[in-house]
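Please read the following walk through one protein model with the sequence and the 3D view open. The text takes single residues, a helix, the domains and a pocket in turn.

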Amino acid sequence: MSNSKTLHVVIFGIGNVGSTLINQIQAAKTQLQLQQQLNIQIPVVTNSKLAFYNEFGLANSWQCDFENASIPYKIEDILAFVKKHHFQNLVAIDATACKNFVQNYIPLIENGFHIVSANKVANTLSFEFYEQLRLTLKKHQKSFLYETNVGAGLPVIETIKRLYDSGEQIQRIRGVFSGSLSYIFNEFSSESVSFSDILKQASHLGLTEPDAREDLSGNDVARKLLILARELRIKTELHDVLVESLVPKKLNGKTTVHQFKSRSKELDLPFQKRKQNLLENQVLRYVGELDVVNKKLEVKLISEEKNSAIGQLKGADSVFEIYSESYQEFPLVIQGAGAGKSVTARGLFSDIVKLSNSLN
C-alpha cells in the first residue's frame, strides 16, 4: 500500500491509562491498516525510571518484555534511539501524572516529536510557559493534542475550540468537571448515607486519588477550568481561580493520608448540615464555573435544581454547559463518563488518529 502511513509512538507512563492505551492500539492494528492505511508502531515504552526498546514495535507480550528487558533511561537516550533508526512521524504520549515530565516537552518537540498528553500540568503552569510551549510548536511545525485534559474522552476542548475559532461569542461555561466528586455528591444527595461512607465507597471503586484530599481540595477542577479559560485566550493563572476546598483546615496538610482516613467522620456533620438546608427539589453539586465576560473562574459547592442537566447527573458522569450567543437560553450540553482508564486511553487514541490525519 503506497499511501500507507506509519506513526512511531513513544509512550511515557505505563500505569492504568498507558497500559490500557497500548492494549487498545494493539487490538485495533488490523482495522486501522484496513480502514485508514494507518500503521501505529510503539518502539519505546517507559515508566518513571525504566524504558523498553524494540525498533520493530511492541509485541502482545510487551508487559513480560518490559519486566525482563527494560533498562534505566534519560530522555537523551530515547532521542538518540529514534535518531539512530531514522523514525518518521514521531509522537510522544504523556500518560504520566508527573509534574516534572513536562520539562521534556520542548526538547522532544525540538527533536521532531508531536505531543499527545493526558497530563494537565503543561497547560496549567505559568502563562509564560504556556506561551513558550506554543511558540516552540509553531517554530518546529509540531502539534500538541490534549483533549483528555478536560472530561477524559468527552469532546469538550474540541467543541469549545471550534465554537471560538468560528467567531462564536462564548459567555459562560459551567459544569461538574470531576468524575469522583460527581459520584460522591450524586450518591450523597440521593442516599441516606454519611459523607464519610460515600467517600470510602468512591475510594474502593478507584474513583478518587489514593489521597482523596486531592479530589476534595478542588485543585483538579481548578486546573480544568484554567485550561478552558486559556482556550478562550484569557490570560490567567492557577492562583486566580477562586476555589472552595472541601477539606477542613484541621485535616489539611499536616495530617497523613492514614490520619485523614481514620478521621474522615469529622466531615459528616458539616456536609449533613448542607444537605439539610436544601429545598425539596434541590441537590448538592460541586461545580466549576467560568464567567468569560468578567474573566472570573470559580470552583464551589452549590445547591442545584434536581431537574437541570447538572442536577440530573448519575454515577461518575461529568457534564459541561456552554452558554454562547447561539446557545443563550438553552446551553450546549456535553455529558458522559468524565473519568476512568478506558475512556481516557480511548481519548488519547482518538487524538493520535486525529494527529495522523493532519500528517503528510
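**A walk through the model**

Asparagine 186 is buried, with a relative accessible area of 6%; buried means under 20% relative accessible area, exposed over 50%, and partly exposed in between, computed with a 1.4 Å probe on protein chains only. This is a predicted model, in which local features need pLDDT of at least 70, side-chain atom pairs count only at pLDDT 80 or more, and totals for chains, interfaces and linings use all residues. Residues are numbered from 1 along each chain as its sequence is written, and side-chain values use heavy atoms, with hydrogens and water left out.

Asparagine 186 belongs to helix H7. Helices (H or I, at least four residues) and strands (E, at least two) are DSSP runs, numbered from the N terminus. Not counting residues up to four places away in sequence, asparagine 186 touches Arg285, Leu313, Lys314 and Gly315. Contact here means heavy atoms within 4.5 Å.

The chain is divided into domain 1 (5-152 + 343-356) and domain 2 (156-337), with bounds that come from an automatic or database domain assignment. Between the C-alpha centres of domain 1 and domain 2 there are 29 Å. Where the domains meet, 15 residues of domain 1 are in contact with 19 residues of domain 2.

Next comes the largest pocket. A pocket is found on a 1 Å grid over the protein atoms alone, with a 1.4 Å probe, as an open set of points with protein on both sides within 12 Å along at least five of seven lines; lining residues have an atom within 4 Å of a point. The largest pocket has a volume of about 1,400 Å³, where volume is the space filled by probe spheres set on the grid points, which are joined across faces, edges and corners. It is lined by 41 residues, of which Ala97, Ala118, Lys120, Glu209 and Asp220 are the closest to its centre. Because domain 1 and domain 2 both give residues to this lining, the largest pocket lies between them.

Several helices supply at least two residues each to the lining of the largest pocket: H1 (16-36), H7 (179-190), H9 (213-216), H10 (219-231) and H13 (341-358). H10 gives the most, with four residues. Sorted by class, the lining has 13 nonpolar, 19 polar and nine charged residues. In this sorting Ala, Val, Leu, Ile, Met, Phe, Trp, Tyr, Cys and Pro count as nonpolar, Asp, Glu, Lys and Arg as charged, and the others, Gly among them, as polar.

Which residues of helix H6 (residues 156-165) are buried? They are Val156, Ile157, Thr159, Ile160 and Leu163. These residues are on the same side of H6, because they cover an arc of only 165° around the axis; the arc is that of the directions from the helix axis to the C-beta atoms. An α-helix has 3.6 residues a turn, so residues three or four places apart point the same way. Exposed Arg162 and Asp165 are carried by the face of H6 turned away from its buried side. The cover over the buried residues of H6 includes strand S8 (170-176), H10, strand S12 (317-324) and strand S13 (332-337).

Most residues other than glycine have a negative phi, and most peptide bonds are trans. Glutamine 37, in the loop between H1 and strand S2 (38-46), has a phi near 50°. Glutamine 37 counts as partly exposed, at 22% relative accessibility. Lysine 295 lies in the loop between strand S10 (282-291) and strand S11 (296-305), and its phi is near 55°. With a relative accessible area of 55%, lysine 295 is exposed.

Lysine 295 is also one of the contacts of isoleucine 234, which, leaving aside neighbours within four places in sequence, include Phe127, Ala229, Leu290 and Val292. Isoleucine 234 sits in the loop between H10 and strand S9 (242-243) and is buried, at 4% relative accessibility.

Proline 210, by contrast, is exposed, with a relative accessible area of 66%. Proline 210 is placed in the loop between helix H8 (195-204) and H9. Apart from neighbours within four places in sequence, it is in contact with Val257 and Lys261. Proline 210 and valine 257 are 47 residues apart along the chain, and their C-alpha atoms are separated by 8.3 Å.
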